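Have the sequence and the model at hand as you read.

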Amino acid sequence: DYRILHEAALRDYLAGLPELRALLGGEPAAWAITEVGDGNLNLVFIVKGTRGGIAVKQALPYVRLVGESWPLPLSRAHYEYLALSRQAQLAPGLVPALLHHNETLALTVMELLEPHIIMRKGLVAATPYPRFADDITTFMARTLFFTSDLALTAAEKKEAIAAFAGNHALCKITEDLIFTDPYRIAEQNRWTAPYLDALAAALRDDMELHVAISRLKLKFMASPEALIHGDLHTGSIMVTESQTRVIDPEFAFYGPMGFDVGAVLANLLMAYFASAGHERSPGERHAFEGWVLETVEQVWAGFAGKFLDLWRAGASGDAYPVSLFAGEKGAARLEAERQAYMQRLFTDTVGFAAAKTIRRIFGLAHNIDFELIEEPKKRAVSEARAVRLARGMMVEAVAFRTIADVTGAARKLRDW
Ligand code: SR1
Ligand code: MG
């Protein structure tokens with residue numbers, strides 16, 4: 001009984017739900033309904049009544065960006081709802097409140113986030129977000145730690161993996177668009193031609209890069225470390241100066257933690273490199289770029305610190321049995337192991353951040369950080385700097401020992 005709900009049908013549907021009707025207030029005929037979806041996959045409506053407003057998201061049976069020629073399962077709405085529910089428990093206040101879900105219609109109603117804006121739009125306008133680093137690190141540390149083997153029993157973890165295993169069509173999008181297509185000839189690839197033609201060809205011929213991206217692809221496919229958001233770019237985050245909300249976890253599944261952390265870092269780094277291409281005064285540029293790199297550092301440091309604190313506070317999962325690390329000697333050895341764990345996670349994060357960058361410059365789905373730089377030559381200069389950093393981060397991920405190594409390398413490429 002699935003049907004796409006356009007404005008009139010949505011109005012009728014909502015009018016039949018007493019709780020939402022009360023929340024909106026007034027007569028349904030007077031509700032203002034606007035389709036605002038600017039993502040690649042779904043319909044998103046804002047509905048406003050006399051008392052309040054809501055956001056309604058409905059999955060389409062195909063990829064919106066491409067059209068009906070690319071079918072996509074509606075079940076992604078189920079996984080998104082499941083992930084949002086779990087994230088709401090683990091990171092309260094950092095995701096939108098869920099108000100209603102209809103599995104058949106692949107439709108979810110959420111609180112209307114107002115006056116929040118999509119963070120990417122704010123970054124293009126050079127707006128700093130003072131709460132962001134603290135909020136996003138809380139979100140990532142809590143959602144990743146509490147869904148990992150450090151916090152769950154083996155049975156709980158396996159059940160949880162199984163609950164998301166059916167979301168493979170969304171994983172396949174990532175496997176193709178991020179980990180494969182930018183490195184080969186693919187119909188849907190595009191880049192800022194002709195300026196990046198040579199670079200695109202070089203990526204297709206770079207065997208060290210092909211090995212590195214294939215290792216990352218394998219890690220993505222075969223490392224169910226935690227429930228990851230799966231698409232944690234700055235278009236999946238809504239912000240005000242004082243609030244952060246993570247939205248859109250339809251790509252959620254049990255995957256490698258570094259994929260989420262890397263997504264956040266990559267999108268900040270792209271905002272950094274795009275900054276030179278946007279109209280802004282030298283002072284504004286300096287302040288914004290300084291804030292971005294500081295935030296990159298705070299995101300890794302904050303995430304690692306909070307994740308370790310949760311682990312030290314008492315991990316009830318089946319990994320690292322407490323009985324194996326008794327006494328002072330055990331505690332010291334376990335602490336050294338925690339540091340080694342975080343170092344490995346950092347290396348993964350660096351590699352995934354690189355993969356997330358390259359796909360936005362050569363793959364199907366680009367981002368407005370670069371796309372809104374109108375002059376192609378200027379855009380290509382910003383993109384080429386980002387790619388240069390990304391290539392190094394992917395091929396020599398282990399050489400980046402600290403987050404300062406990443407921001408230092410980005411700073412050196414600022415005027416390259
Ligand atoms: C065809 S979907 C393209 C991209 O949009 C989503 O936001 C994900 O980032 C996906 O890779
Ligand atoms: Mg999305």
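Ala-126 sits in the loop between helix H4 (119-124) and helix H5 (132-145); helices (H or I, at least four residues) and strands (E, at least two) are DSSP runs numbered from the N terminus. Although Ala-126 is not a glycine, its phi is positive, at about 65°. This is a predicted model, in which local features need pLDDT of at least 70 and side-chain atom pairs count only at pLDDT 80 or more, while totals for chains, interfaces and linings use all residues. Residues are numbered from 1 along each chain as its sequence is written, and chains are lettered from A and ligands numbered from 1 in the order in which they are written.

The bond from Glu-114 to Pro-115 is cis, with omega near 10°, and Pro-115 belongs to the loop between strand E7 (107-111) and strand E8 (117-118). The bond from Ala-193 to Pro-194 is also cis, with omega near 0°; look for Pro-194 in the loop between H7 and helix H8 (197-204).

Now step back to the domains. The protein is divided into domain 1 (7-111) and domain 2 (117-412), with bounds from an automatic or database domain assignment. Their C-alpha centres lie 27 Å apart. The contact takes 19 residues from domain 1 and 22 residues from domain 2, where contact means C-beta atoms, placed from the backbone, within 7 Å. On the side of domain 1 that touches domain 2, there are 12 nonpolar, 4 polar and 3 charged residues. Here Ala, Val, Leu, Ile, Met, Phe, Trp, Tyr, Cys and Pro count as nonpolar, Asp, Glu, Lys and Arg as charged, and the others, Gly among them, as polar.

Where does ligand 1 lie? Both domain 1 and domain 2 give residues to the shell around ligand 1, so it lies between them. The residues around ligand 1 include Gly-39, Asn-40, Ile-173, Thr-174 and Asp-231, a residue being near if its C-beta atom, placed from the backbone, lies within 6 Å. Helix H7 (residues 168-177) gives the most to this shell, with 3 residues. The shell divides into 6 nonpolar, 3 polar and 1 charged.

Finally, the overall picture: the protein has 15 helices and 12 strands. Along its principal axes, the C-alpha trace spans about 65 × 60 × 40 Å.

How values were computed:
Contact = placed C-beta atoms within 7 Å.
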